[in-house]
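Trainee: I am new to this structure. Could we go through the terms used for it, one by one?
Mentor: Gladly. Ask me what lies behind each label.

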Amino acid sequence: EATGFPLLWHVNDPEEFWDPAKVPDWARKAGWFYDGSYVKKETLYAEVERVLGRHPKLKVIFAHFYFLSADLRRAAVFLDAHPNVHLDLAPGWELFYNMSRDPAATRAFFVTYADRILYGTDIANTQTPASARRLAADVLRWLATRDVFRKERGYGVLRGLGLPRSALAKILHGNFERIAGASPRALRLDLARDECERIAAETD
């Protein structure tokens, strides 16, 4: 908060991962079903609220739309309460399927909060360049067109938002540039190395 350095913060998972009747088989097999021995989703949200209450000027980008894609009313309340908070669009695809159920309401939300949403892809180093390009293109397609298409894992149909250019410009690059700067800053390789080694030691 003191330095204005922006954080990318991953909190929670899709709501169905806590529900034994709704958790998908692929998520259960990956170890992403949270039974009674795990922290509850609302407990994690309450912890975040306490942090943001103590540090209202903290710049935070919450990954995966803060897993509020199924409740845009709650997402709006959260953004209104915390003016330095942003949400990114890195899939889990449930995010886009949730918001495709009512594309008109989602489009209105995105236009209203275009200053608070960031394009994201969740591209990982396990993907080929070709699959990474397809993933990035699918997120862009959902934002920029009115296409109706399917992606994966049987969630349903994706309905593109066809956002106006002004909103797209903010979501695709403008908001990130405002938060993090339009150009990369000089990198101290020695400090970067030390930080990587610190993280590796902590992981070990």
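Trainee: Why does Tyr66 count as buried?
Mentor: Its relative accessibility is 2%. Buried means under 20% relative accessible area, exposed means over 50%, and partly exposed lies in between, with a 1.4 Å probe and protein chains only. So Tyr66 counts as buried.

Trainee: What kind of model is this, and how are residues numbered?
Mentor: It is a predicted model, in which local features need pLDDT of at least 70, side-chain atom pairs count only at pLDDT 80 or more, and totals for chains, interfaces and linings use all residues. Residues are numbered from 1 along each chain as its sequence is written, and side-chain values use heavy atoms, leaving out hydrogens and water.

Trainee: Is Asp122 buried, exposed or partly exposed?
Mentor: Its relative accessible area is 43%, so Asp122 is partly exposed.

Trainee: What makes a stretch a helix or a strand?
Mentor: Both are DSSP runs, numbered from the N terminus: helices are H or I with at least four residues, strands are E with at least two.

Trainee: How do you know which strands pair?
Mentor: Two strands pair if DSSP finds at least two bridges between them. Strand 1 and strand 2 run parallel, joined by three bridges. Strand 2 (residues 60-62) and strand 3 also pair in the parallel sense over three bridges. Strand 3 and strand 4 (residues 117-118) pair in the parallel sense over two bridges.

Trainee: Which residues stand opposite Leu7, Phe62 and Ile117?
Mentor: Leu7 faces Val60 in strand 2. Phe62 stands opposite Leu87 in strand 3. Leu87 also stands opposite Ile117 in strand 4.

Trainee: What is the order of the strands in the sheet, and what makes a strand an edge strand?
Mentor: Four strands form an open sheet in the order 1-2-3-4, with parallel pairing. Strand 1 (7-9) and strand 4 are the edge strands: each pairs on one side only.

Trainee: Which way do the residues of strand 3 point?
Mentor: In strand 3 (residues 85-88), Val85 and Leu87 point one way, His86 and Asp88 the other way, and all are buried. In a regular strand the side chains alternate between the two faces of the sheet.

Trainee: Why are helix 3 and helix 5 called roughly parallel?
Mentor: Helix 3 and helix 5 (residues 103-112) pack at an angle of about 10°, with their axes 11 Å apart. Angles under 35 degrees count as roughly parallel, over 145 as roughly antiparallel, 65 to 115 as roughly perpendicular and the rest as oblique. Helix 3 and helix 5 are therefore roughly parallel to each other.

Trainee: Which residues make the contact?
Mentor: Contact means heavy atoms within 4.5 Å. Leu72, Ala75, Ala76 and Leu79 of helix 3 meet Ala105, Thr106 and Phe109 of helix 5.

Trainee: Why is Arg107 called partly exposed?
Mentor: Arg107, found in helix 5, has 25% relative accessibility, so Arg107 counts as partly exposed.

Key
Axes fitted to C-alpha atoms, helices over the stretch in contact; angles between N-to-C directions.
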